[in-house]
Amino acid sequence: MLTISAFHYVPPFAQGVVRDLRVRWALEEAGLLYETRLIGPPDQQSPDYLALQPFGQVPMMQDGDLTMFESGAIVLHIAQRSGALFPKDEAGRARATTWIFAALNTVEIPLQQLAAIDLFFPDEEWARLRRAGALEEVRKRLAQLAAWLGQREYLDGAFSAGDLMMTTVLRLLRHTTIVDDYPTLKAYQLRCEARPAFQKALRDQMAAFEKA
């Protein structure tokens, strides 16, 4: 059976956005059973875990003899393996892959920077000085994304791994109301989060924190 790593506890502000959620969601969409290996700070620096995930992060996934890390790579692997998160035609698969990378490289970086300023460094002088510029970058990307979506339900045709990744990136702003300023994006995010596979993945992630 597939095994993924996840944290047994994170502070409340991080619960529901830890990146194993992406992998859980993809596995639920694909209908693949998996087990969870819950870890904490001591495990992250252990030789055993570092042999599987060289940066000590989550998620890590073991699939038989294959071990992978990086949530984007794992989601891509699941989509390729199952077909549940990719279109059947080659061009459609290429476009879905493009949106996975767009979510991670173009949209997540500015959103993560703003979230870090707000959640980790709110009292630092440099953070106060940087926030306006960081917010401007976030709004630029969200406006571009909203313009692309227009009247589309999803980024390119049916729901795909690209939408899965983009939705988890938008969740980085859940401590703010910024996405609410873009009704198209807000409706898109809610539509994706309403999927039963997402709801199951989120419940399972949160269940571990509730037991800690």
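This is a predicted model: local features need pLDDT of at least 70, side-chain atom pairs count only at pLDDT 80 or more; totals for chains, interfaces and linings use all residues.
When I say that two residues touch or are in contact, I mean heavy atoms within 4.5 Å. Good morning, everyone, and thanks for coming.

Residues are numbered from 1 along each chain as its sequence is written, and side-chain values use heavy atoms, with hydrogens and water left out.

Let's start with A96. Leaving out residues up to four places away in sequence, A96 touches F86, P87, S160 and G162. You will find A96 in helix 5, residues 90-120; helices here are DSSP runs of H or I with at least four residues, strands are runs of E with at least two, and both are numbered from the N terminus. Is A96 buried or exposed? A96 is buried, at 4% relative accessible area, where buried means under 20%, exposed over 50% and partly exposed in between, using a 1.4 Å probe and protein chains only.

Beyond its neighbours within four places in sequence, S160 contacts L85 and A96. From A96 to S160 is 64 residues in sequence, but 6.4 Å in space, C-alpha to C-alpha.

On to the sheet, which is open, with four strands in the order 2-1-3-4 and mixed pairing; two strands pair if DSSP finds at least two bridges between them. Strand 2 (34-39) and strand 4 (66-69) are the edges, each with a single partner, so one side of each has no neighbour in the sheet. From one strand to the next, the twist averages 20 degrees. Strand 1 (residues 2-7) pairs antiparallel with strand 3 (residues 60-63) over two bridges, and T3 sits opposite Q62 in strand 3.

Finally, helix 1. Helix 1 lies across strands 1 and 2, at about 150 degrees to strand 1; axes are lines fitted to C-alpha atoms, for helices over the stretch in contact, and angles run from 0 to 180 degrees between N-to-C directions. The axes of helix 1 (residues 20-30) and helix 4 (residues 71-82) come within 9 Å and cross at roughly 5 degrees. R22, V23, A26, L27 and A30 of helix 1 meet S71, I74, V75, I78 and S82 of helix 4.
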